[in-house]
Amino acid sequence: MSSAEAEHRTPACPVERGVPRFSFSSGSGSMTNLSCGENSSEAGRQIVNEAAMDRVVIFDTTLRDGEQSPGASMNLGQKLQVAKALRDLGVDVIEAGFAAASPGDLEAIRTIARQIEGPVICSLARCAKGDIEAAFAALSDAPRRRIHVFLATSPIHRDFKLKMAKEEIVRRAVEGVKVAREKCDDVEFSCEDAARTELEFLCEVSERALEAGATTLNIPDTVGYALPQTYSETLSYLKAHVRGLERAILSVHCHNDLGLAVANSLAGVMIGARQVECTINGIGERAGNASLEEVVMAVKTRRDVLGVRTGIRTERLHPASRLVSQVTGLHVQRNKAVVGQNAFAHEAGIHQHGMLSHRETYEIMRPEEVGFTNSSLVLGKHSGRHALRERLVALGYQLDEAQLDKVFGAFKTLCDKKKEIYDADIEALLIHDQLGPGVHTWELVALSTTSGTGTLPAASIALQKNDGTRHQEASAGDGPVDAVFKAIERITGITGKLRDYRVQSVSVGEDAQGEVVLEVEHPTGVYRGRALSTDIIEGSARAYLDVVNRIALRQPSNGRAARELGTV
Ligand SMILES: [Zn+2]
């Protein structure tokens with residue numbers, strides 16, 4: 001879109017440019033209008049009411065910062081599923097990607113902007129005209145949208161990455177916010193690596209960004225360096241010294257390198273931050289971001305101390321967590337707070353006794369509150385379409401009729417191979433075969449292997465490419481699995497180095513499916529693939545194809561491209 005068209009499509013907002021429309025503020029928190037777009041005044045009123053002094057805005061960045069986790073790339077269909085889960089969860093803002101990072105990212109943001117109603121949809125952008133234009137182009141169909149511009153402010157970033165003097169940083173930040181405000185009324189500005197920036201300079205950049213029209217000011221601890229106390233001090237200093245901050249939302253964005261992302265975020269809330277940036281399961285760069293579910297449940301459980309609330313429907317937390325774990329291939333550790341498998345498990349006899357007499361002896365939250373269901377409902381041959389749909393919704397998936405038809409067909413086929421169908425089986429059907437139809441570059445058509453004592457292990461495999469062509473290859477190997485991988489590499493031309501290979505059973509019974517999990521190193525990054533099958537060799541082939549499809553999809557790689565451009 002040309003800038004003239006972009007200009008034309010900018011919705012007329014019922015306010016004069018540059019004049020803050022919302023100037024009420026409170027003692028401890030601060031607030032502003034989060035919205036922009038056609039319904040801006042209505043949506044604006046809603047969010048302003050919501051962002052009252054006791055309301056914390058939940059800004060989810062699973063699809064942007066979360067996707068930058070090594071090996072966590074998602075295809076378009078998977079991103080859309082996650083966006084639907086975030087909408088159902090009730091997040092206020094979805095950061096859907098970094099439009100300028102790759103054409104795939106821009107397309108994903110555009111699709112989410114068109115299809116997901118309710119939350120504000122946001123794109124990250126550097127303080128550069130091209131980035132901001134790409135963000136706006138991606139967001140133009142969203143009823144409510146935000147452009148999130150960022151620029152590094154710390155000495156180490158100024159000297160070694162940007163090679164810019166302080167004056168130049170201020171000039172670019174102001175310019176970036178102004179350009180973004182010309183296109184969108186809802187503009188967030190982030191000082192990348194704020195936690196390692198000199199306080200006075202941080203104040204200067206922040207104040208100038210607010211003057212230029214930023215409506216949310218984000219203070220990221222990009223490298224996870226802060227401690228709750230130092231982070232609080234930084235935010236307090238800003239509150240005391242930055243003019244105009246009382247009319248904006250102060251936001252926190254913390255990384256977990258020292259395991260303090262949630263603690264630091266909550267410290268920020270206690271100082272008056274009214275937006276928390278976080279991800280489902282805490283996924284993200286390196287050790288990850290603040291975990292959404294932990295922030296939300298801390299706010300809910302300790303309202304007595306924090307005195308704030310969020311708009312999150314907490315009973316959707318566990319389904320959202322499962323979904324993100326499935327689509328990214330990043331397992332949730334068993335003892336993870338709030339959503340881990342053991343989060344509500346009590347094994348020690350003394351605890352069980354206490355639990356039976358009075359739950360609260362050992363439980364500060366109820367499992368139902370976060371969407372853990374007690375039912376170990378098992379589906380089977382006699383389960384109908386309706387039962388399957390119900391189960392899918394409970395697991396966090398929203399499918400349209402055509403997708404449901406496809407899953408139901410696959411479900412019936414699986415019922416012929418397997419008596420009882422568990423949640424993990426259903427998830428496997430979705431993740432590996434159904435999400436994002438048409439985005440799989442390669443599909444398995446046929447496979448046969450030979451192995452045994454005294455014979456040379458060999459595999460012959462047939463794959464179908466998404467252009468409809470069929471390809472066949474055979475290969476010998478150190479074992480049947482190795483032979484399969486080599487045959488796949490010959491066909492696809494994608495060669496990786498296997499770093500990890502695991503097989504585990506996902507459900508119970510003699511006919512249980514085996515889950516194959518692979519980690520493969522490729523010049524463009526590290527990829528994880530998963531597949532389920534009642535046959536381990538076939539499962540291995542499908543898992544390797546999952547990796548190959550992720551590699552084929554990721555050109556150029558989203559996370560890598562984003563990292564090269566910088567990130568908050
Ligand atoms: Zn980040």
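1. The donor residues of the zinc ion follow the pattern D-x187-H-x1-H-x312-V along the sequence. Donors here are N, O and S atoms within 2.8 Å of the metal (3.2 Å for Na, K and Ca); water is not among the atoms, so sites may look incomplete. His-253 belongs to strand S7 (residues 249-254) and Val-568 to the segment after helix H20 (558-565), so this pair ties together parts that are 315 residues apart in sequence.

2. Basis of the model. The model is predicted: local features need pLDDT of at least 70 and side-chain atom pairs count only at pLDDT 80 or more, while totals for chains, interfaces and linings use all residues. Residues are numbered from 1 along each chain as its sequence is written, and side-chain values use heavy atoms, with hydrogens and water left out.

3. Zinc site, geometry. The protein donors are Asp-65 (OD), His-253 (NE2), His-255 (NE2) and Val-568 (O), at 1.9 to 2.1 Å from the zinc ion. The four donor atoms subtend angles of 93 to 127 degrees, which makes the arrangement tetrahedral (four donors count as such if all angles lie between 85 and 135 degrees). Ideal angles for four tetrahedral donors are 109.5 degrees. His-253 and Val-568 are both buried, where buried means under 20% relative accessible area (1.4 Å probe, protein chains only).

4. Gln-68. This residue lies in the loop between strand S1 (57-60) and helix H3 (76-89). Gln-68 counts as buried because its relative accessibility is 2%. The side chain of Gln-68 makes a polar contact of 3.1 Å with the side chain of Arg-64 and another of 3.4 Å with that of Thr-567. A polar contact is a pair of N or O atoms within 3.5 Å; within protein, one must be able to donate a hydrogen and the other to accept it, and residues adjacent in sequence count only if both atoms are side-chain atoms.

5. Strand S1. Both faces of S1 are covered, with Val-57 and Phe-59 buried on one side and Ile-58 and Asp-60 buried on the other. S1 pairs in the parallel sense with strand S8 (residues 275-278) over four bridges and with strand S2 (residues 93-98) over two; two strands pair if DSSP finds at least two bridges between them. Asp-60 stands opposite Cys-278 in S8, and its bridge partner in S2 is Ile-94.

6. The S11-S12-S13 sheet. These three strands form an open antiparallel sheet in that order. Strands S11 (442-450) and S13 (470-476) are at the edges with a single partner strand each, so one side of each is left without a neighbour in the sheet. The twist averages 15 degrees from one strand to the next. S12 (residues 458-465) pairs with S13 over seven bridges; Ser-460 stands opposite Ala-474, and Gln-464 has Arg-470 as its bridge partner. The hairpin of S12 and S13 has four residues between the strands, and Gly-468 there takes a positive phi near 95 degrees.

7. Helix H18. Residues 480-492 form H18, which lies across S11, S12 and S13 and runs at about 140 degrees to S13. Axes are lines fitted to C-alpha atoms, for helices over the stretch in contact, and angles run from 0 to 180 degrees between N-to-C directions.

8. Whole protein. The protein has 20 helices and 16 strands, taken as DSSP runs numbered from the N terminus (helices H or I, at least four residues; strands E, at least two). Of its 568 residues, 58% count as buried. Among contacts (heavy atoms within 4.5 Å) with a separation of 6 or more, 68% come from residues 24 or more positions apart.

Methods:
Buried means under 20% relative accessible area, exposed over 50%, partly exposed in between (1.4 Å probe, protein chains only). Four donors count as tetrahedral if all angles lie between 85 and 135 degrees; four count as square planar and six as octahedral if opposite donors are over 155 degrees apart and all others between 65 and 115; anything else is irregular.
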